[in-house]
Amino acid sequence: QKDGYRFFMEKEIYEQSSVIADTLLGRVTEKEVIFEELDSQLFDGINEIKLCACGTSYHAALTASYMFERYSKVKTSVEIASEFRYREPIMTADTLFVVISQSGETADTLETLKMAKNAGLKTLVICNVDNSSMVRLADATILTRAGVEKGVASTKAFATQVTVFWMLSLYLAQLKQSLMQESIEKQLELLRSIPACVKVEESMHERIKRLSKRYLHGHGFFFIGRDIFFPLALEGALKLKEISYLHAEGYPSGEMKHGPIALADPELFTIALLPEHLLYEKSRSNVEELSARDSTICAISPIEFDKADDFIETKNQKDYMLEFFEMMVAVQLLSLEISVRLGNDVDMPRNLAKSVTVE
Ligand code: F6R
C-alpha cells in the first residue's frame, strides 16, 4: 500500500502533485475560477471573512488571510478554534465564517461552526472528507480532493487547502472586481503550474537526506520567514516537532531581533525561507544577523547564500506563490529525513492521533 515508499508520509509528499491537479480540475480555466458547488449569493453583504481551525489547518488559514486581503481586498481574521470557543467573540452578520479541516471532525473546530451558525452567520467549510460532521453542518462546502491521508503528520491535505484558498481568493477577486482581468489570468496560469512545481526532484530529496545528519542534536530549531512564508515556517516547525520530537518554533524573520536571537549559537538551527520574489533583501539581512551570532543556518532559496552552512536550492519560479509550494515540499522532506535518521515511526508519532475529537 505504500507503493515502495518507506512511509505513508513520504508517499503523500510525492502525491501532492496529483492531488493538487485533482483539486484544480474543472475549477480553473484560462479566464476564471469556477466553483460549481458555491452559490455566489453566499458572499452577498459580506464585508469580512473569519477563518477558524486547528493545527496544520490553522496554518493554511493563516496563509489564506494574506491572499484574501491582497487579492480579494476583503478584511480577514484568523482564529485558533480552541481559543475562539471560550472568549466570547463578537460575531456580526456581515462576516463569512470559514472553517478548515482535513477530517471535518475536529471537536473544537466543529463547535466554532455551531457557534457561528447559532449567531446567524453564513458558513463555509473547506474539508477533505465528504459527508463529515462539518460538511453536513455548514451552509456551503469546498472539498479539497487530497484523497485519504494516512500519515498523522498532514502534508497533502495542507497542500490542497492552500490551493483551494488561492483559488477562492481569486474567485472573490472576480466577484468583487478587485483585480484586473489581466492579473487574474496571470494568477490562473500560476495556479495551473503548482502540480509541476511540487513534483519532488530526486536531486533535492537526496540533498536533504544527506544534509539532515547535521540537524539531529542541538538545542532547537527556528523556522523563519516573512509574509506567507511565516505560516509556512510555523507549519515546518510543527511537522518537525510532531515526527522528530525536537523542539522547533516558527517565527516571522523580522521578530528574531526582539528576543529569540538571544538563543543563537552553533547548536541553534535556523531553517531560513528565502524566496526570491518576496522581501528577499529584508529576509536575508535577518538571516545574516543570526549567522553573525553563529547560529547554524540551512537556507532554502533559489539564490545561493554564502552565509549558510547548508543550502537547499529551489528553482527560479516566476512568483512567490510557486516558491511557497516548492519550499513547502522542502520543509516536509527535511522533517521526514531528520525523523527517519532518529529512527522514529514517521507515520505514527507518539502521543498523536489523526483525528482529534477530544476538546
Ligand atoms: C498536523 C496535524 C494536525 C491537524 C489538526 C486539525 O500534522 O495533522 O495539527 O491539522 O489536528 O485537524 P483537522 O484538519 O482534521 O481539523
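Thr56, Ser57, His59, Ala60, Ala61, Thr63, Ala64, Met67, Phe68, Tyr71 and Ser72 of α3 make contact with Phe158, Gln161, Val162, Phe165, Trp166, Leu168, Ser169, Leu170, Leu172, Ala173 and Lys176 of α7. Please keep in mind that this is a predicted model.

**How α3 packs**

- The axes of α3 and α7 come within 9 Å and cross at roughly 25 degrees. Since angles under 35 degrees count as roughly parallel, that makes α3 roughly parallel to α7.
- The crossing of α3 past α7 is right-handed.
- With α13, α3 packs at an angle of about 170 degrees, and their axes are 13 Å apart. The two helices are therefore roughly antiparallel to each other, as angles over 145 degrees count that way.
- On the α3 side of this second contact are Thr63, Met67, Arg70 and Tyr71, which meet Tyr320, Met321 and Phe324 in α13.

**Helix α8, inside and out**

- Helix α8 has 12 residues, 181-192, and at 1.5 Å a residue it should span 16 Å; its end C-alpha atoms lie 17 Å apart, which agrees.
- Which residues of α8 are buried? They are Ile184, Gln187, Leu188, Leu190 and Leu191. These cover an arc of only 160 degrees around the axis, so they sit on the same side of α8.
- An α-helix has 3.6 residues a turn, so residues three or four places apart point the same way.
- Glu182 and Lys186, on the other side of α8, are exposed.
- The cover over the buried residues of α8 includes α2 (16-24), α3 (55-72), α7 (156-176), α9 (194-197) and α13 (320-341).

**Ser339, a residue of α13**

- Ser339 is found in helix α13. Is it buried or exposed? Its relative accessible area is 0%, so Ser339 is buried.
- Setting aside residues up to four places away in sequence, Ser339 touches Ile243, Ser244, Asn344 and Val346.

**Lys150, a residue in a loop**

- Lys150 lies in the loop between β5 (140-143) and α7, and is partly exposed, with a relative accessible area of 39%.
- Although Lys150 and Phe7 are 143 residues apart along the chain, their C-alpha atoms are separated by 9.5 Å.
- Neighbours within four places in sequence aside, the contacts of Lys150 are Gln1, Phe8, Glu12 and Lys354.

Terms used. Residues are numbered from 1 along each chain as its sequence is written. This is a predicted model: local features need pLDDT of at least 70, side-chain atom pairs count only at pLDDT 80 or more; totals for chains, interfaces and linings use all residues. Side-chain values use heavy atoms; hydrogens and water are left out. Helices (H or I, at least four residues) and strands (E, at least two) are DSSP runs, numbered from the N terminus. The expected span of a helix is 1.5 Å times one less than its number of residues. Buried means under 20% relative accessible area, exposed over 50%, partly exposed in between (1.4 Å probe, protein chains only). The arc is that of the directions from the helix axis to the C-beta atoms. Contact means heavy atoms within 4.5 Å. Axes are lines fitted to C-alpha atoms, for helices over the stretch in contact, and angles run from 0 to 180 degrees between N-to-C directions. Angles under 35 degrees count as roughly parallel, over 145 as roughly antiparallel, 65 to 115 as roughly perpendicular and the rest as oblique. A crossing is left-handed if the near helix is turned anticlockwise from the far one by less than a right angle, and right-handed if clockwise.
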